[in-house]
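Reader: Hi! Could you walk me through this one while I have it open in the viewer?
Author: Happy to, just ask away.

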Amino acid sequence: MTHSFENLPNKDILIKKLIEMIPQLQKRFQSEDDEEKAWLIQNCSNPLIIDFLQDSTVMMLHVIDAIGQLEPVNGTTISKHFGIPKGSVSKITRKLVLQQIIRTEFLPDNKKEVLFLTTPLGKEIFDLHQALHKEMNKGINRFLQRYNTDELLFLIQAFEDTLEASWVHPESVAEEERLNAGESHEAMETDEMSQIVDMLNQLDTRNLKKAKAILQDVFFTSFE
């Protein structure tokens, strides 16, 4: 996909527009969770799984997915590899055991370490979730085909810069602060917003226009 860069608005206007899109991105990701659950229900014929899906949370599905990929696996490994808080893993696995979605076992020489595995019902849920991921990957691939190589490289670079750049303060200060525990979730969101603003200020007008077009297509356009 190519975009016209004639009569571009000034840089401040583009930055303001991109900042205004950030809350919309958050809402988009939240609605995506609902769409995924709806797809799972529509593509399932097992009434037991449908009942489970209707009352399940996205985090529960992520835990099932983690166990299905690594089983037998302990809670620490699930937390480490998938970025799920240990407390959430413990709470969710207890609930899934009661619902007979997963089961537990112990190592012969270590009765304290609990390992999790999927039951037949859990394996069916895992397979359904994997089918959803494959369908999404196909849609994402079709969607990104609209971009030329330069635009894809720009998008990759923008994502890499977002992951590596500091939010508000210079890199040396940001590195020190990352070592300090206890930063609230609200403060983290504010920092993220500030870093995006800092990154946008480093772009020229042409690249700001390109960033806006890519964000609009990636996050606010349906794959279908």
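Reader: Let's start with Asp127: is Asp127 buried, partly exposed or exposed?
Author: Asp127 counts as partly exposed, at 37% relative accessibility. Keep in mind that this is a predicted model.

Reader: Which residue does Asp127 form a salt bridge with?
Author: Its partner is Lys123, and the closest N and O atoms are 2.9 Å apart. Lys123 is partly exposed too, with a relative accessibility of 36%.

Reader: How many salt bridges does the structure hold?
Author: There are 3 salt bridges. One of them links Glu20 to Lys16, with the closest N and O atoms 2.4 Å apart. Those two are 4 residues apart in helix H1 (residues 11-42), so again about one helical turn lies between them. Another joins Glu105 and Arg103, where the closest N and O atoms are 3.7 Å apart.

Reader: How exposed are Glu105 and Arg103?
Author: Glu105 is partly exposed, at 29%, and Arg103 is partly exposed as well, at 39%.

Reader: Changing topic to the inside. Which residues of the largest nonpolar core touch the most other members?
Author: Phe52, Ile78 and Leu96 do, in a core of 25 residues. Helices H2 (47-55), H3 (58-70), H5 (86-98) and H6 (120-144) each supply at least two of its residues. H3 gives the largest share, with 6 residues.

Reader: And what does Leu96 contact, leaving aside neighbours within four places in sequence?
Author: Leu96 is in contact with Phe52, Met60, Val63, Ile64, Ile101 and Ile102. There is also a second, separate core of 11 residues, including Ile15, Leu18, Phe154 and Ala211.

Reader: Back to H3, then. Which of its residues are buried?
Author: The buried ones are Met60, Leu61, Val63, Ile64, Asp65, Ala66, Ile67 and Gly68. The helix length checks out too: at 1.5 Å a residue, the 13 residues of H3 should span 18 Å, and the end C-alpha atoms are 19 Å apart, which agrees.

Reader: Nice. Where is the cis peptide bond?
Author: It joins Glu71 and Pro72, with omega at about -5°. Pro72 is in the loop between H3 and H4.

Reader: What about backbone phi: what value does Gln100 have?
Author: Gln100 has a positive phi of about 60°, although it is not a glycine. You'll find Gln100 in the loop between H5 and strand E1 (102-107). It is exposed, with a relative accessible area of 58%.

Reader: Now the aromatics. How many aromatic pairs are there?
Author: The count comes to 1. Phe143 and Tyr147 have ring centres 6.2 Å apart and planes at 75°, so the pair is edge-to-face, since over 60 degrees counts that way.

Reader: What else lies around Phe143, say from Arg146?
Author: A polar atom of the Arg146 side chain lies 3.0 Å from the backbone oxygen of Phe143. Arg146 itself is in the loop between H6 and helix H7 (149-164), and it counts as partly exposed at 30% relative accessibility.

Technical notes. Residues are numbered from 1 along each chain as its sequence is written. This is a predicted model: local features need pLDDT of at least 70, side-chain atom pairs count only at pLDDT 80 or more; totals for chains, interfaces and linings use all residues. Side-chain values use heavy atoms; hydrogens and water are left out. A nonpolar core is a set of buried Ala, Val, Leu, Ile, Met, Phe, Trp, Tyr and Cys residues joined through side-chain atoms within 4.5 Å. Buried means under 20% relative accessible area, exposed over 50%, partly exposed in between (1.4 Å probe, protein chains only). Contact means heavy atoms within 4.5 Å. Rings of Phe, Tyr and Trp (its six-membered ring) pair if their centres lie within 6.5 Å; planes under 30 degrees apart count as stacked, over 60 as edge-to-face and the rest as tilted. The expected span of a helix is 1.5 Å times one less than its number of residues. A polar contact is a pair of N or O atoms within 3.5 Å; within protein, one must be able to donate a hydrogen and the other to accept it, and residues adjacent in sequence count only if both atoms are side-chain atoms. A salt bridge is a side-chain nitrogen of Lys or Arg within 4 Å of a carboxyl oxygen of Asp or Glu.
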